[in-house]
Amino acid sequence: MRAPRYEPPRHPLWRRVFSTDHKVIGKQYLILGMVMAVLGAASALVIRWQLAFPETALPFYGVVEPPQYNAHLTMHGTIMLFFVAMPILLGGFGNYLIPLMVGAHDMAFPRLNGASVWIFFVACLVLVASWFVPDGPAAAGWTNYPPLSAQYRYSGVSWGFDLWLLALLFDFIAVLMSGLNVLTTSWNLRAPGMSWRRLPMMVWTQCIAAILFLLSVGPLMGAVVMLWFDRHFGSGFFSPEKLGDPLLWQHLFWFFGHPEVYVILLPALGVLTEVFPTFARRPLPAKGLVLAALVVSAVLSFLVWAHHMFVSGMNVRLAAPFSLTTILISVPFALIVFVLLATLWRASLRLNTAMWFAVGTLASFLIGGVTGVFLGAAALDVHLHDTYFVVAHFHYTLFPSVVLASFAGVYFWFPKMWGRVLDERLGGVHFWLTFVAFHMVFLPLFWLGVHGHMRRVPSIAYYEFLQPLQPIHVVATVGAFVLVLAQVVFLLNLAVTLRRPGSAPANPWDATTLEWSVASPPPEHNFARVPVVVRDPYEYVIRGGAVEAVPQWVRE
Amino acid sequence: MHWPDRMTALATEVDALFWLVLAITGAWLVAAEAYLFFCLWCFREETTLPMAKPWHVSGIVVALTGAVLACDLVIEAYSLPLWRTMKQHAVTPDTEILAYAKQFRWRFVYPGPDGRLGTSDDREIDSELHVPEKANVRLVLRSEDVIHSFFIPAARLKQDVLPGREAVVWFRAERPGRFEIACAELCGFAHYTMRAFLFVHSPESFREWLEQEGQISHSTGGALVAPGRG
Amino acid sequence: MTGAREATLPETGLEGEVPRGGLPGATVAVFWFLASEITLFGSLFALYVLFATRLLHWADGKETWSHGHLYLATVCLGLASLGFSRAHRNVGLSPVAVTRWLALGVACGVLFLAVKAWSVVADIQRGLGPGRGPFWQFYHLLSMLHATHVAGGLVAALWVGGSTMGTNENVAAQRARWKALLYYWGFVDAVWLVLLYLWLRY
């Protein structure tokens, strides 16, 4: 196997920390993402506490003041989408798995890869720093609409917005670099025999997600710089007094914002398409249809953005086309859901923790998907926009994608990454607590939304029509605290498992893709010899009354 | 737990559309979850014999997807005309009122005794919107600073209010009562306090209010009604 | 546990990194990168034209604008691209020539940035900063974004030059990296020409 073009650094600490090995970088992304998730979850607990017990002091925090509340809800959304979802799903799983799955010794540009995780780290620092500047962090929602976000006299926040803009810029640059690596590696470094047909679905979803991100992020990058200009250089892109338009920000933001949620969803679907066949012990049916559906939904995702803006003041005649495209985008995703469900029919299901999380993702995402139909129907959206119905809908799509699917992936690939299998009993406790608590928090929120309970309010004391709903906030808050505590079980599992000696076999789950052909964890350059791929992934046969996997590298 | 208040005929239609979507999506959801549960229950490795034949599902999957598409189009067929009525329909207003949104309160400007907006006898009232029942009310919304959103839950009515732009909403209250108006777009740290009251008056109660507010002129016999009517 | 067997990978006798897609890695990467950049600049060009054709007071202040420096900047940018193009021609043939042309390219690029910086400072001093009017906010925004990309391109040129100098790496691979750099500079030039057109026409 040809050695890399450059010499890796000699000093052990430098090698470890500033590594260019995609496996180390993938783990760094995973860990950074999880650390940021703790911060995002902390903000969520502050929000939930205030809603359930307004004007009561939260232990270790104090009473939640309204401006702080706005800061927490802004940072919660920003962190979870840009600093947890993307690094874990794209940077973590993408970086770790793609070279292994295509049969390469590393990503196409290892140094670019290393640079991307460090730029992401700087982005995290910039965002966290915004908590400590005068007037606090950005506080106009994760969407930060101007004019509120453009002028100090409206928001009372100064440096916080600028650091938010900078953090986003760094974050997008890191993901962009990652995306270039993903696409070049998949194009160029596939092992002999690894045709596009034989590529695992995880690699396909990562590539499509990378393309989606690359093609949608430009307008938002432009908008970020424009907002920065409005804030500091006297321009008026978004100010009516200077012949600008606040709606311009919304169009640019959501033109990126909608493809972005599919950038997050697709790798999660990738995890499901790897886990389901392995533990159903059967192939993923109709792979070609799934791919076609993914491509159609990716294209459509560029045509739906204004469904976030039905009542925004944009031309009302635009509602019809965008409502139509929004409703239509449910069609390819329905197809993918049907294929995943079909995998289970007359399968030989192995229900371990990874599979429970994967099934839980699908079961929960179904609710998120159908509630999107309510919001896509413009006439219904008039009432439901900016209410808790929207909050419940996007948590029912994002939480399964970002948390449940990520845990499915972690439990599945943990043996490969760390050489040990996570404890199944603790895993079971972790799953059921997380799953039940999640529904406890978010299912009642649909009912709040139907009643017209607005978003982003720290207290409903001013509204008589919302008073009867206060008990629901208490239920949701109890669920939220249980949900966060449930993750302690996962940390416990990590501690217990990492104590054990690393002795996992190369292929503990009897899976079929190339990463399972090397030791757990893989050696430095992954493959001692160039692997040759001889068949499609997810092939299973029945031998002697039992189902056996036929991995991609095995000639029969 | 009661169903949210309804104040207008359109609110009833919106609710009907909600139930339609709930019925259709609910059926798919229940079916999918039941199927999932069934598979988890019945097809475990320990309890079933593995399936010998290869698996061809494309036909079923495409058929089901087609059914989903059909359901989507049915929903759109009901939703689009309703949207047009709510937002694009140029209804003849019986009453026109201006609403100003500014951090953090709503201000309503009434036409005054001459029945016309934009004249010197316009009356301005903070946080109270008074309208007669069974009259088409046209509200012209303006923001004086950031983006707000005018939301009457009982009318299933919402419209973002932007600076530098006018937004128009219309509604027709079918019964008298007191309803709440909320701001539905984060507009700053006191966004949650931006509440106003909507008073829908019966004809007698409306006359009383007009007199009380000095908005009635005895020569026209009734203000807040378009000239030539009443 | 069933299926835990370690399968062995057969020897293939293949050597080196065979680009399966048939294109050098640098070319694939720069293609996707430029696709992303096109959406950034494309959306801004579209907005520029939209604002320019819709707003009554679009061109306020433009009468007092002296834009002669734009032609000088264009020459500098063109020479920079020429320098890099000549450097690419000499890769694998004459390292000295490569270094000389690279130096010319970088120097002209730096000159471009200096001319732009000087003109922006002069504009601001005459009250023609981003707050002057709609044209000005776009002019300064686009200038700044383009200049950032020129600066990035100079860093990339130095990196490409530095990484190919003094190694015995495969010449084709070196040329591929230089080619990718040229694609990028071609894009930067194309954006500049569009900007010139937009600024002078609207």
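A: A residue counts as buried when its relative accessible area is under 20%, as exposed when it is over 50%, and as partly exposed in between. The model discussed here is predicted.

Start with a pair in chain B. Arg175(B) has a relative accessible area of 33%, so Arg175(B) is partly exposed. Asp5(B), with 43%, is partly exposed too. Their side chains meet in a salt bridge, with N to O at 3.4 Å. Arg175(B) sits in the loop between strand E8 (167–172) and strand E9 (177–183) of chain B, while Asp5(B) is in the segment before helix H1 (9–42) of chain B, so the pair ties together parts that are 170 residues apart in sequence.

A second pair in chain B joins two strands. Arg107(B) and Glu124(B) form a salt bridge in which the closest N and O atoms are 2.9 Å apart. Arg107(B) belongs to strand E2 (residues 105–110) of chain B and Glu124(B) to strand E3 (residues 123–126) of chain B, so this pair connects parts that are 17 residues apart in sequence. The two partners fall on either side of the 20% cut-off. Arg107(B) is at 13% relative accessibility and therefore counts as buried; Glu124(B) is at 48% and therefore partly exposed. Chain B also has a network of salt bridges, which links Glu133(B), Lys134(B), Arg172(B) and Glu174(B).

Chain A has a pair of this kind as well. The side chains of Arg500(A) and Asp423(A) meet in a salt bridge, N to O at 3.2 Å. Distant parts of the chain are linked here: Arg500(A) lies in the loop between helix H16 (470–499) and strand E1 (540–543) of chain A, Asp423(A) lies in the loop between helix H14 (388–418) and H15 of chain A, and the two are 77 residues apart. Asp423(A), with a relative accessible area of 12%, is buried, whereas Arg500(A), with 36%, is partly exposed. Over all chains, the whole structure holds 24 salt bridges.

Some salt bridges cross from one chain to another. Between chain A and chain B the count is three. A salt bridge joins the side chains of Arg350(A) and Glu45(B), with N to O at 3.0 Å. There are also 22 residue pairs in polar contact between chain A and chain B. On the side of chain A that touches chain B, the residues divide by class into 64 nonpolar, 17 polar and eleven charged. The contact takes 92 residues from chain A and 79 residues from chain B. About 7,700 Å² is buried between these two chains, and carbon and sulfur atoms give 71% of this area. Phe338(A), Trp345(A) and Tyr462(A) supply 8% of the area that chain A buries against chain B, more than any other three residues.

Helix H10 of chain A shows this packing in one place. Ala319(A), Phe322(A), Ser323(A), Thr325(A), Thr326(A) and Ile327(A) are buried in H10(A). The buried residues of H10(A) pack against H11, H12 and H13 of chain A, and also against helix H2 (58–88) of chain B.

Now turn to chain C. Chain A and chain C bury about 4,300 Å² between them, 66% of it on carbon and sulfur atoms. Asn188(A), Leu243(A) and Arg529(A) supply 13% of the area that chain A buries against chain C, more than any other three residues. The contact takes 56 residues from chain A and 50 residues from chain C. Between chain A and chain C the count of salt bridges is zero, and three residue pairs are in polar contact. Helices H6 (159–188), H7 (201–232) and H8 (246–280) of chain A are the elements that give two or more residues to the side of chain A that touches chain C. H7(A) gives the largest share of that side, twelve residues.

Rings pair up as well, and the count comes to 91 aromatic pairs over all chains. Phe172(A) and Phe256(A) form a tilted pair, 5.2 Å centre to centre with 55° between the planes. Phe172(A) lies in helix H6 of chain A and Phe256(A) in helix H8 of chain A, so the pair ties together parts that are 84 residues apart in sequence. Phe172(A) and Phe256(A) are buried.

Note on methods: Residues numbered from 1 in each chain as written. Chains lettered and ligands numbered in written order. Predicted model: local features only at pLDDT ≥ 70, side-chain atom pairs only at ≥ 80, totals over all residues. Heavy atoms only, no water. Contact = heavy atoms within 4.5 Å. Buried area = accessible area lost by both parts, 1.4 Å probe. Salt bridge = Lys/Arg side-chain N within 4 Å of Asp/Glu carboxyl O. Polar contact = N/O pair within 3.5 Å; in protein donor to acceptor, adjacent residues only side chain to side chain. Helix = DSSP H or I, 4+ residues; strand = E, 2+ residues; numbered from the N terminus. Nonpolar A, V, L, I, M, F, W, Y, C, P; charged D, E, K, R; others polar. Phe/Tyr/Trp six-rings, centres within 6.5 Å; stacked < 30°, edge-to-face > 60°. Buried < 20%, exposed > 50% of the residue type's maximum accessible area, 1.4 Å probe, protein only.
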